Structure formats: C-alpha cells, structure tokens
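Please find below a short note for a colleague who is new to this structure.

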Amino acid sequence: MSEQNYKAFWDEALKQIHEEYKSQGQEDQFSLWFNMTYLEDSISEITVTVPSSFMWGQMVKMGNVAKVESKIKELCGQTISINYIVKKAEPAPEPVTIQTQSVPKTEPQIQAEHLETTDTSSDNTNSVSQTDNAAASVPKTDTVQFRKHPLLREDYTFDRFVTGDNSEFAYSAALAAAKNPGRRFNPLLIYGGVGLGKTHLMQSIGNYIYNNADPDSRLKICYITAENFTNEFTASLRNNTIEKFKSKYRQLDVLLLDDIHFLKDKVGTQEELFHTFEALSQKHAQMVFTCDRPLSELNGIEERLKSRFSLGTPIDLQPPNYETRLAILQKKQHLNGTQISDEVIEYIAKNVQSNVRELSSCLDKMVRYAEVIQKPVTIDIAQRELRDFFSESAGGSVNIETIQKVVANHYNISLSDIKSKKRNKKFVVPRQIAIYIARELADLSYPELGNEFGGRDHTTAMHSYEKVVDQLKTDSTLNSTVQLLIREVKDYKKI
C-alpha cells in the first residue's frame, strides 16, 4: 500500500461532486449516497470504508462509485478503481432511557404531557400532543428521563430497534431525521412488507423528538394511521367541522402518517392530504410516511401526491437475515427478562423468515407456555407447539390461481392477461413474478408452470423464474415487491 498518493485527488473529486449536488439543492442526497471514507490506496486502487455492504451495493447501482472514479480520472489522468471494506460506526449513546418502573410526576409535567389539541369528531387516538413551537428547536441533550407521549408506544424507541444489513440504512436515516427534524430527510418515506419495523422506526422518531424537547414548550406531534386520518376527515365533512380539521393538521410540527397505501382511490382524502403537506412543508415541519410497497407500485394515488412523498428519501426496509432475526429474539429476551434456551431461539430464527412481528409472536408463545407449565421449553415442545404456525409461515402448497389473482390485482391487470401470450412489458413482468412465486410456494415443476400460464413451454417458465432470481440479487425495489406479494398470497390463503 502507498501513503495515500491519491488522497488529494479523492478530496478534490468529492468536493466537485458535492458542489454539483449543492447547486441542485440535493446536499442531503450527496451526504447519503456518497457515504465513503478514504482509507488507503495502491498503484491502481483506492480503498474506502462504508457503513455496510448494502450501502455499497446501492451506491454502485446508482452509479455514484463510477462517478467518483470518472472524476478522479479527469483530475489525475489515470484509471483508478475504488474498492471497499465495511467499517460500522460506533453506535451513538441513545438519549432516551426507558423507565421500567413508574416514576411519580409533578403536576406541571402531567399537564405538559397531556396538553392536546383534539377534534370532537374523533377519538383520542387522533389527538395531537403539543410540547414545543418549532420542530427545529429540539435541544441537543445527552440523557433525559423518558416521557410517555399519549399517541406513541413507549417501547418503540431507537434503542429497542435491532439493526442488520436489511435495516441499517433505514435506522440511520430515521435517527438523522429525529436529530434534525424538518431539515434532513424530510419528508421521510419508509416502505416494506408487513411486520418489518416501519411503524417502530416512525414512532421512534416521534419519541426521540418528544423526549429531547423542552417539557415546557409546545411542540405539536401527531401519529395517525391513514385509515384514521380518512375517517376523521370524513367525519369533519359530515359534522361541518372541516376548518377545525384543517387547523389541527396544518399547524403540526411533526406528522407521522402510517400506511399511506390505504389512501388508494380516496380522492377527497388525498386532496386534503396534499394541501396539508404543502402547509407543513412551508413551515419545515417534519413529515414521516410509511407504505407497504415502493411508490412506483402505489396505484390509486394521485401523481402530485406521490411526487411529494418522493421529495425526500424513500427508504426500503427488507426482511431480516438469520443473524439479525437471532439478534432480535435475543434482545427481546433481554428486555423482557425472559429465559428461553438458545436452541429454541435458534429454531425460531431459522424457521420464521418473513417478518419481525411473527418472530415476536413465536417467542411470546414459548414464554407463555413456559409460564403455564412451570418448566423450561425444550426443542421438542417448540417443534410441536409452533408446527402449525411454521407450516403457514413457510407457505406449503399454495393454490396457483391464488398467486395469479394476487399478482394480477397488484399490477392492475386481469387474470386472463397474466395467463395470455401478450408480450407487452405491462403483462410480461407480472407474469414472470407470478411464475417465480408459484415456483417458490406451489411446488410445481416447470412443465406444470408452463401449462398454468397459458400453455407455455417449460423452458419459457424456467427462463421467467431464473430472470427474476437474477434481478432479485441487485434490485431491492423488486425484492420488496416480491416479498409483499408472497405475504399477500399467504394471507389470502388463510382467509
């Protein structure tokens, strides 16, 4: 290795690229997608450190690594390749300390925690807590006593979220948004399948801001599902209280809106949300949205609203790998003070691959079982008690027509289209994905798959399957879509 012969060229290249992004008002994008730290170099290679392999893959996919290489060649006249090693940053101390025992509060504290702006047309799940007057005024404190926000779960905090390659970027972006509300990553859109931690991260942002704000101030924070937002909006129209509804939501400092896919085809609610978004954007209020699919797959939502959601940084939350699933179960055990054997924990982590919620359900079932029988749970007990759950989770033999219906509905095409000979991309992509899912879940041979999809040759079915397999290795958006569809197929089966 050399003594950083190319360091000056590296610094100048990054400086010039930074200026380009800054002039386009995309400084946050630069900070996020050029997250490489110069380490050392050789005659023809520069080695950098990055937070994770996932981040490196995304930067390569977006062409950012190639952009730096091109700029360096322009400056020094040599072709220098960039290699990487993963160097995870030391976790910052979490400022929120959860109190496991009840702590008496003074009257002013109680009043500050429950000072709310409410709409009489809705229940208190739609209320707005006030604790500050500007999202950007959150003080930088090191440690504070945890205060329960009336609309947020107290266990949904950053220190309780276990990160892995699937979620490290989402966690970092959410924490950055919480530390600089209304400034960085605003709006923030987190998307992914059911039970992957979207709501946990969203509410962690709210809890962080709330607990780092001056208790005597009046920050207005609201967490609400898209369904409840729609119901409250409809009630305000019915009760002639629409102005009160507008005032409530357009004066927020933090809006946490969960499951925006629920707004599909709800034109009136989308119109109101668009104007709410514009009002909050003007005052630099922090906005966070969650969705079960990428924006490109979000049908029935107005384009102008989708464009607003995408103004910030859409974050893809993938299913956790085995190591992460194991860490999640171990941390849950530690936090709850339970004792289930490592063998059982590993058994659950290996068999539940779909989402975090199912992991927790399996662990909770074993804990309850141990409490009832007053004996340790053995691997034989776990295999017996979780057998039905795992068979459902794994999918088993799934009806091919169910897969075709779910995929066709997702892409807004007919069942006959997905089986047809049509070669338009609108039909080819859903057909290939349906064949892939059918191969994974329905236990069909390639000749059987060909017959089920319009009498195609088995080589065509094989090509479709293998093409999706290859794309899934590099396309995180497609990965999210496929995982979502697999989950919908399994849920459809249970109905």
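1. Relative accessible area, taken with a 1.4 Å probe over protein chains only, sorts residues into buried (under 20%), exposed (over 50%) and partly exposed (in between). The model is predicted, so local features need pLDDT of at least 70, side-chain atom pairs count only at pLDDT 80 or more, and totals for chains, interfaces and linings use all residues. Residues are numbered from 1 along each chain as its sequence is written, and side-chain values use heavy atoms, with hydrogens and water left out.

2. The structure holds 17 aromatic pairs; rings of Phe, Tyr and Trp (its six-membered ring) pair if their centres lie within 6.5 Å, and planes under 30 degrees apart count as stacked, over 60 as edge-to-face and the rest as tilted. One of them is the stacked pair of Trp-56 and Tyr-84, at 4.6 Å centre to centre with 20° between the planes. Trp-56 is buried, at 10% relative accessible area, whereas Tyr-84 is partly exposed, at 25%.

3. The ring centres of Phe-158 and Tyr-171 are 5.5 Å apart and the planes stand at 85°, so this pair is edge-to-face. Phe-158 is buried, with a relative accessible area of 2%, and Tyr-171 is also buried, with 19%.

4. Helices are DSSP runs (H or I, at least four residues), numbered from the N terminus. The axes of helix H8 (residues 226–238) and helix H9 (residues 242–250) come within 7 Å and cross at roughly 145°; axes are lines fitted to C-alpha atoms over the stretch in contact, with angles from 0 to 180 degrees between N-to-C directions. Contact means heavy atoms within 4.5 Å, and the residues involved include Phe-229 and Phe-233 of H8 and Ile-242 and Phe-245 of H9.

Key: Helices (H or I, at least four residues) and strands (E, at least two) are DSSP runs, numbered from the N terminus.
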